[in-house]
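I opened a notebook page for this structure.

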Amino acid sequence: MHLELTEEQRMIQAMARELAESEIASVADEIDREARFPHETVKRMGELGLMGIAIPEQWGGSGSDTIAYVVALEEIAKVCASHAVVMSVDNSLYGEPVLRSGTDAQRERFLKPVASGHAHGCFALTEPEAGSDARNQHTLARRDGDHYVLNGRKLFITNGREASFALVFCQTDAARAHHGITAFVVEKGTPGFTVAKTEDKLGLRASDTAELVFEECRVPVANRLGDEGMGFTIAMATLDGGRIGIAAQAVGIAAGAFERSLAYARERKAFGARIGDHQMVQWMLADMATAIDAARLLTHRAAWLKDREEPYGVAAAMAKLFASDTAMRVTTDAIQVHGGYGYIKEYRVERYFRDAKITQIYEGTSQIQKLVIARDVLGGHDDRA
Ligand code: CAA
């Protein structure tokens, strides 16, 4: 594994950093306060090719790789985690499976607009009774001539309201349990497809988290991704890749909170000295710096394995587990370093603290990552990705 970035990876990283600092930083607090989706800056991300970094140029992407994707995502998350999650869903949860399992006609129609930043996608797996237990799908799709008819509800769907395309997982043959799950791309505006509500959240307040409802929604057979019964495999393989992005998001959140803590430790005085001169604060900063580096290295290793087309599912689970715990610990300590000022909005670390929490929950809770890792270390369970 190379620790140095290639010139292309460095350029994409620098471009993401420049966008984050010059355009996203100035709106990040306001959109969090108002829980407002940042259309303008998200559009800029698309114009710069950040919504399809590892997608081939032929399908509207930037034709780069997963390392470039994670370094860019970290830069965006360092400034605003809400922008980062929009980027991660378009790139990995939506873009990847359509690239991997779609036909050329599907890539042209459903992938190109998203990878080129002209539209958004979403990944609709979670249901009221299918969170960690993702096999327990209740949304049904019954075949009717050259259509399927969808009925059911999807919950907590990132980009759900904004997305033009939803990748929806349904049961086409309930008797076959998870072997009867099938994936479909459902276009916004399809009769019977509605967005029921947008969630009011603790963190990532500017991202769009919605409930999708399907009532006698007729979807052409041409919108089926892969064969009938392939849906669960598609979902699981997608999440293996998605978890690398969430690890990168968590590293970015931690790094952003750390930078603010460092600046504060250099300037705030107590007991006649800068607080950074006090050993108790130094220890906190040293622990933060070490954990962030370790989380970043785990994340890059998972991305590197993926780019080499080697098994990476367990490496991705380890990266997400460690990076999300790091984000939570670092943002907690960042508030501690700031003392009372950390608890108020002006110093911003409270936003990082609120945003960090979800990284331990979505795309598989920390407990699910431990399950994936434990099965691997105990043996007898393939790392399929
Ligand atoms: N790749 C391909 N196939 C896989 C796989 C993988 N990584 N993992 C499992 N499978 C296959 C298995 O081979 C098995 O197939 P067979 O029955 O043919 O042998 C099948 O899937 C079932 O596998 P398991 O027996 O391992 O299933 P399980 O129910 O015991 O455990 C789980 C699966 C790991 C718990 C899984 O359900 C899981 O990851 N749950 C978490 C779901 C999740 O991450 N949800 C996130 C929602 S999206 C989101 O959060 C987006 C957002 O907001 C940004």
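I began with C80, which is buried, with a relative accessible area of 2%. The model is a predicted one, and I kept that in mind for each entry below.

Cysteines. I looked for disulfides next and found 0 in the structure. For C80, the nearest cysteine sulfur belongs to C122 and is 19 Å away, and C80 is in no disulfide. A pair of cysteine sulfur atoms counts as a disulfide within 2.5 Å. I then took C122, whose nearest cysteine sulfur, that of C170, is 12 Å away. C122 is in no disulfide either. I also looked up the cover of C122: this residue is buried, with a relative accessible area of 0%.

Cores. Which residues touch the most other members of the largest nonpolar core? I noted L50, I76, M87 and F169, in a core of 95 residues. I checked where the core's residues come from, and helix α6, residues 231-267, gives the largest share, with 17 residues. Another core, of 18 residues, lies apart from the largest one. I found C122 among its members, along with L212, F214 and C217.

Surface. I turned to the outside and noted a nonpolar patch formed by M1, L3 and L297. Together these residues have about 320 Å² of accessible area. I looked up M1 on its own: its place is in the segment before α1 (7-34). Is M1 buried, partly exposed or exposed? I wrote down partly exposed, with a relative accessible area of 41%.

Methods: Residues numbered from 1 in each chain as written. Predicted model: local features only at pLDDT ≥ 70, side-chain atom pairs only at ≥ 80, totals over all residues. Heavy atoms only, no water. Buried < 20%, exposed > 50% of the residue type's maximum accessible area, 1.4 Å probe, protein only. Core = buried A, V, L, I, M, F, W, Y, C linked by side-chain atoms within 4.5 Å. Helix = DSSP H or I, 4+ residues; strand = E, 2+ residues; numbered from the N terminus. Patch = residues over 30% accessible without salt bridge, like charges linked within 9 Å, V, L, I, M, F, W, Y side chains within 5 Å. Areas by Shrake-Rupley, 256 points an atom, 1.4 Å probe, with all protein chains shown as cover. Salt bridge = Lys/Arg side-chain N within 4 Å of Asp/Glu carboxyl O.
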